[in-house]
Amino acid sequence: MGAIVLRGGVEIEHPLELALEFLVAYSSYEAGDSSGHASFDERDLRLANRGGARISAVEIEAILERRGQIERALRRVHPDASLVDATSSIPWIPLTRLFDAFADIRGVGFSKMTKALHKKRPALIPMLDTVVQAYLASDDPAMPSAGSFGERATALVRSYKRDLDRNRSVLHELQQELASRTYRLTEVRILDLLIWSVSAAT
């Protein structure tokens, strides 16, 4: 298996071992089920907390007040939409509207939002916690600081796609190897946990 090549010349020479190490330590989120493709409820937020989102009870209540808006936006993003697809095929505008449904909720930023949404569209939405955000921003000075909440989140996803495209073949091989060990993850999630593992350790 080849290496995963990250920004700044960083290479992960043994990505399978690193991924397995992560999954053994943090398997509860990966094994959890969401509420379904088109719905969004408290189960999704509780599952996100198992993945380290730390969404408080007050924040859960505030998010669920937007449930109708979130579900309407979610239904406009096909369940099989994938970030490995051609850029022109990705539903960028519906994705931005989905992200904008979380705008201006006190205490809820890109990290908590994407941890709550990843399981809804696992091939499309990475978990943009602060470690992954810092990784993306460090090598992309053009990252916008203006625009709506959804536009800024989408810009991070677009930047993330660069890494995904560069490592597509190795990620696909990793996906197959992990599936043979009962871990069924998308390429998006595999790359996410690898970036996190390497960046958090430095």
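The following exercises, each with a worked solution, concern the predicted model shown above.

Residues are numbered from 1 along each chain as its sequence is written, and side-chain values use heavy atoms, with hydrogens and water left out. Because the model is predicted, local features need pLDDT of at least 70 and side-chain atom pairs count only at pLDDT 80 or more, whereas totals for chains, interfaces and linings use all residues.

**Exercise 1. The surroundings of Ser82**

Determine where Ser82 lies and which residues Ser82 is in contact with, leaving aside its neighbours within four places in sequence.

Solution. 

Step 1. Locate the residue. Ser82 belongs to the loop between helix H5 (67-75) and helix H6 (92-100). Helices here are DSSP runs (H or I, at least four residues), numbered from the N terminus.

Step 2. Classify its accessibility. A residue is buried under 20% relative accessible area, exposed over 50% and partly exposed in between (1.4 Å probe, protein chains only). Ser82 has a relative accessible area of 11%, so Ser82 is buried.

Step 3. List the contacts, meaning heavy atoms within 4.5 Å. With neighbours within four places in sequence left aside, Ser82 is in contact with Ile90, Ala123 and Leu124.

Step 4. Examine the side chain. The side chain of Ser82 reaches the backbone nitrogen of Val84 at 3.2 Å.

**Exercise 2. The largest nonpolar core**

State how many residues the largest nonpolar core has and which residues have the most contacts inside it.

Solution. 

Step 1. Recall the term. A nonpolar core is a set of buried Ala, Val, Leu, Ile, Met, Phe, Trp, Tyr and Cys residues joined through side-chain atoms within 4.5 Å.

Step 2. Take Leu83 as an example. Beyond four places in sequence, the residues in contact with Leu83 include Ile90, Trp92, Tyr160 and Val188.

Step 3. In soluble globular proteins, nonpolar side chains tend to be buried together.

**Exercise 3. Salt bridges**

Describe the salt bridge of Asp44 and Lys120, and then those of Arg189 with Asp192 and of Glu177 with Arg181.

Solution. 

Step 1. Apply the criterion. A salt bridge requires a side-chain nitrogen of Lys or Arg within 4 Å of a carboxyl oxygen of Asp or Glu. The structure holds 11 salt bridges.

Step 2. Consider Asp44 and Lys120, whose side chains meet at 3.1 Å, N to O. Asp44 lies in helix H3 (residues 42-50) and Lys120 in the loop between helix H7 (110-117) and helix H8 (130-138), so the pair ties together parts that are 76 residues apart in sequence. Asp44 is buried at 2% relative accessibility, and Lys120 is buried at 0%.

Step 3. Consider Arg189 and Asp192, whose salt bridge has an N to O distance of 2.6 Å. These two residues are 3 residues apart in helix H11 (residues 187-201), so about one helical turn separates them. Both Arg189 and Asp192 are buried.

Step 4. Consider Glu177 and Arg181, with their closest N and O atoms 3.1 Å apart. Glu177 is partly exposed at 30% relative accessible area, and Arg181 is partly exposed at 36%.

Step 5. Note a network: salt bridges link Arg7, Asp163 and Arg166.

**Exercise 4. Helix H1 and the aromatic pairs**

Identify which residues of helix H1 (residues 15-25) are buried, and describe the aromatic pair formed by Phe22 and Trp196.

Solution. 

Step 1. List the buried residues of helix H1: Pro15, Leu16, Ala19, Phe22 and Leu23. Seen down the axis of H1, they fall within an arc of 130 degrees, so they line one face of the helix. The arc is that of the directions from the helix axis to the C-beta atoms.

Step 2. Turn to the face of H1 away from the buried side, which carries the exposed residues Glu21, Val24 and Ala25.

Step 3. Search for aromatic pairs. Rings of Phe, Tyr and Trp (its six-membered ring) pair if their centres lie within 6.5 Å; planes under 30 degrees apart count as stacked, over 60 as edge-to-face and the rest as tilted. The whole structure has 3 aromatic pairs.

Step 4. Describe the pair. Phe22 and Trp196 are edge-to-face, 5.8 Å centre to centre with 75 degrees between the planes. The pair links distant parts of the chain, with Phe22 in helix H1 and Trp196 in helix H11, 174 residues apart. Phe22 is buried at 10% relative accessible area, whereas Trp196 is partly exposed at 27%.

Terms used: Polar contact = N/O pair within 3.5 Å; in protein donor to acceptor, adjacent residues only side chain to side chain.
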